[in-house]
Amino acid sequence: MIFNIGRVPSEKASEKGRKMKIVLYGNPTLRKKSEQVELSHINDELKKTLEEMVTLMRKANGVGLAANQINIGKRFFVLEIEGTVKKVINPEIVETSEEMAEYEEGCLSIPGIYKKVVRPEKIKVKYLNENGEEKVEELEEMWSRAFQHEYDHLEGILFTDRISILNK
Ligand code: CO
């Protein structure tokens, strides 16, 4: 997810020479429901991938990046808001507020498109961090917004799917 127009890098080479690249709108990976991460796969390799995702997200001026946006069909994503990073594995949204909020969203996979999206204002979430520890948090404002946007990615949903017909 992004909130302002940023330059989107085409690729990043890791130490191994493997290239992590953001896939764009139209790529079928973005439409597939991602699979749960097995506990045995929460290891140093996944930590490294999450750290690379944070680097890529920063370069692209994003506040969130989901695994399927780099062509990995697993349920994890990274967020960074005002200097705080969250690395989120196997997330669940366990409660949503009745109050809704509208905010303009963008997506690193849909460059240049910014639209207002209505979502629950607050959410309660459960997930595993990069050490496999369970976290339960109540999120609001930007954290709630970005978490819901990235969670949608894992379900194969894009923010443009949530735009009311009047705003399209
Ligand atoms: Co996005």
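Which residues are buried in helix 2? In this predicted model, the buried residues of helix 2 are Trp143, Ser144, Arg145, Ala146, Phe147, Gln148, His149, Glu150, Tyr151, Asp152, His153 and Leu154, where buried denotes a relative accessible area under 20%, exposed one over 50%, and partly exposed the range in between, for a 1.4 Å probe and protein chains only. Because the model is predicted, local features need a pLDDT of at least 70 and side-chain atom pairs count only at pLDDT 80 or more, whereas totals for chains, interfaces and linings use all residues. Residues are numbered from 1 along each chain as its sequence is written, and side-chain values use heavy atoms, with hydrogens and water left out.

The protein chain contains two helices and nine strands, which are DSSP runs numbered from the N terminus (H or I over at least four residues for helices, E over at least two for strands). Along the sequence these elements are arranged in the pattern β-β-α-β-β-β-β-β-β-β-α. Of the 168 residues in the protein chain, 47% are buried. Among contacts (heavy atoms within 4.5 Å) with a separation of 6 or more, 68% are made by residues 24 or more positions apart.

Helix 2 is mostly covered, with twelve of its 14 residues buried. Its length agrees with expectation, because 14 residues at 1.5 Å a residue should span 20 Å and the end C-alpha atoms are 21 Å apart; the expected span is 1.5 Å times one less than the number of residues. Glu141 also lies in helix 2, but this residue counts as exposed because its relative accessibility is 64%. The phi angle of Glu141 is near 50 degrees, a positive value in a residue other than glycine. After helix 2 comes Gly156, whose phi is also positive, near 80 degrees.

A cobalt ion is coordinated by the SG atom of Cys107 and the NE2 atoms of His149 and His153, at 2.0 to 2.2 Å. Donors are taken to be N, O and S atoms within 2.8 Å of the metal (3.2 Å for Na, K and Ca), and the site may look incomplete because water is not among the atoms. Along the chain, the donors follow the spacing C-x41-H-x3-H.

A search of the whole structure finds two aromatic pairs, in which the rings of Phe, Tyr or Trp (its six-membered ring) have centres within 6.5 Å, and planes under 30 degrees apart count as stacked, over 60 as edge-to-face and the rest as tilted. The pair of Phe77 and Phe147 is edge-to-face, because the ring centres are 5.1 Å apart and the planes stand at 85 degrees. This pair links Phe77 in strand 4 (residues 76-81) to Phe147 in helix 2, 70 residues apart. Tyr127 and Phe147 form a tilted pair, with 6.1 Å from centre to centre and 50 degrees between the planes. Since Tyr127 lies in strand 8 (residues 123-128) and Phe147 in helix 2, the pair ties together parts 20 residues apart in sequence. Phe77, Tyr127 and Phe147 form one aromatic cluster; Tyr127 counts as buried at 4% relative accessibility, and Phe147 at 0%.

Two further sites involve polar side chains. Thr29, in the loop between strand 2 (19-20) and helix 1 (44-59), counts as buried at 14% relative accessibility. A polar contact of 2.8 Å joins the side chains of Thr29 and Asn71; such a contact is a pair of N or O atoms within 3.5 Å, and within protein one atom must be able to donate a hydrogen and the other to accept it, while residues adjacent in sequence count only if both atoms are side-chain atoms. Asn71 is partly exposed, with a relative accessible area of 45%, and its phi is positive, near 70 degrees. Asn90, in strand 5 (residues 84-96), is buried with a relative accessible area of 9%, and a polar atom of the Asn90 side chain lies 2.7 Å from the backbone nitrogen of Val37.
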